[in-house]
Amino acid sequence: MIQPETTPHEIEGRWKWQDWGLGPYHALSSVMLGPPFEGTLEMTVEIDGEPWHLKVHYNKSAFAPRLTDGIDASRLYEWNIVGRGQGESKASFNISPRFPNMRHWESGEPINLPWEGQFGDVEGVDVEFHSSNIEANRALELLPKFYAAIFEEAGEAVHPEYFREPPHPTNSRMWAYERYVRIKREWAKKLSSSGVLQKVMLHLADQEGIKAELQLDNEGAINHQNRMILNPASVATLFPDHNYGRKFEIYLLKDADSVSKDHPSYHPKVEVLVNKKMNGGNAWAWADHDRVTEQIEETILNALHWEDIPLNPDGSGVYVPDDHFDAVARDDLVELYEDPTPRLEAKSDHLLMTTLRDMGETARDLTESVATDGGSTVDDLADQLGKHPATIYRAINDLGDILELDQGDVSFRARKYQQELRALVESAEYAIESYADRIQHLMGLADHVAESSPFQKWIAENGADLEFDDGGNPKRMRIDTVLSLKKADSFENARRVAQEAIDAWRHSGNDVVRFSKTTMVWRTPGGGKNSHRVGAIADW
């Protein structure tokens, strides 16, 4: 499979070196504070064949100098080196001194920085970095080259190894990292119009221990700024091996139509951001930045994959190159996961079915009322249904899997339940007594399939739908997964899936001959659909 290369956007963090003490800081201060620069410098240099415009200036830190520093000032300086490259490429560095027992310049109180706890009684330098549209490792390469260019401009020599050794791998930290691809507007609409954002939020709604937020802004245009924020627990339900909270975002320019349709920025970015705010205020070690990169890229490409958006950037008409996103194929493929949302939906529908199938009259009336009103109190429901409050409490207890009671207020545990029930209540053919059968059809379960049967478990695990004819016989089975009839493909094999379905049906005590004639429909790797009889596929 061919996949697109993602590109970095904003990256922030802090590198730390104790290798040369305060040498790099003192050297820069001595060359910048004297003639010819007198504290500021602006120049354009060529680095690795590319022009970079550099600005160097200082700001006053909060740190008091020591007597041994030998300077006539109340505050130490920090040095800012700001580089602008081609397009929107940027690399900014703040170089600051570190030493034991640092004091505030005004109060004289100790400044509680992690330096001493990390390195002990040694001196060193701290470099806060912020890069845009360049890889994190490229920013690390640019720092010593910017630094050396300043001394070359001044005609001064400098230690050639400054900043050319790796920073401390664990004491150096990152706290913001985002990457993106740019896709055409019409494809991006698939992600927002009943797409992956809504599906993920819907399926997280009834899971304990997670925190997620969906923000939709289609005011100027579809995908003006749509975002989904997931905490680490939410992410783990989608990607079992992932452990960083993140923001998935689709967004356009502030003035979405201020550029022509031929300009790349007319089309939205699909971006994932990981920062410390989404991870309990915790930054991560510089040594982990490759792992964070991997998780960001897997999130972007799987979201596209789950919506059947082609991943091949060559000739697909999906991806839009810009100054920094090249829309080219990547060399190392990221892992593509099975779309978790059909499986979660099957589990959710199963819960509704098993809860509602055997409900009594009061429970049915109660469910219908809460579904249409969106919530109510026990007393209001008792008056409305002509029942004693104790009867309402018993019904709520019977429906504890789908309803919850909070200080007298009754509501659905998951918005999905209310949405599906309300749609049925408001439909012309609605009858609450037949709701369980409707859910059975939605899940692909007939009355003769036992609740704990192997086939029911297979349906739930594979996110499949089985439709029945008027006589209760299986008619069509839909698999919401990309399958291939080619054994060599990396996709799941349709033959194997059909064989598993037949085996599960047989072990549930059902007629295999009749089931083998059922039409199986699945998604193909090319974005279309294919269908054949289950028995024919199994014998392929």
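Q: In which loop is the place of Pro36?
A: Pro36 sits in the loop between α1 (23–33) and β2 (41–47), where helices (H or I, at least four residues) and strands (E, at least two) are DSSP runs numbered from the N terminus. This is a predicted model, in which local features need pLDDT of at least 70 and side-chain atom pairs count only at pLDDT 80 or more, while totals for chains, interfaces and linings use all residues. Residues are numbered from 1 along each chain as its sequence is written, and side-chain values use heavy atoms, with hydrogens and water left out.

Q: What kind of peptide bond joins Pro35 and Pro36?
A: Most residues other than glycine have a negative phi, and most peptide bonds are trans. The bond joining Pro35 and Pro36 is cis, with omega of about 10°.

Q: Is Glu38 buried or exposed?
A: Buried means under 20% relative accessible area, exposed over 50%, and partly exposed in between (1.4 Å probe, protein chains only). Glu38 is exposed, because its relative accessible area is 54%.

Q: Where is Phe163 placed, and is Phe163 buried or exposed?
A: Phe163 is placed in the loop between α3 (136–154) and β7 (173–182), and this residue, which is not a glycine, has a positive phi of about 65°. With a relative accessible area of 2%, Phe163 is buried.

Q: With which side chain does the side chain of Ser265 make a polar contact?
A: A polar contact is a pair of N or O atoms within 3.5 Å; within protein, one must be able to donate a hydrogen and the other to accept it, and residues adjacent in sequence count only if both atoms are side-chain atoms. The side chain of Ser265 makes such a contact with the side chain of His263, at 2.7 Å. Ser265 lies in the loop between β10 (246–251) and β11 (269–275) and is buried, with a relative accessible area of 12%.

Q: In which helix does Glu116 lie?
A: Glu116 lies in helix α2 (residues 115–119) and counts as partly exposed, at 39% relative accessibility. The C-alpha atoms of Glu116 and Phe99, which are 17 residues apart along the chain, are separated by 7.6 Å.

Q: Where is Glu335 found?
A: Glu335 is found in the loop between α7 (289–306) and α8 (340–356), and this residue is partly exposed, with a relative accessible area of 44%.
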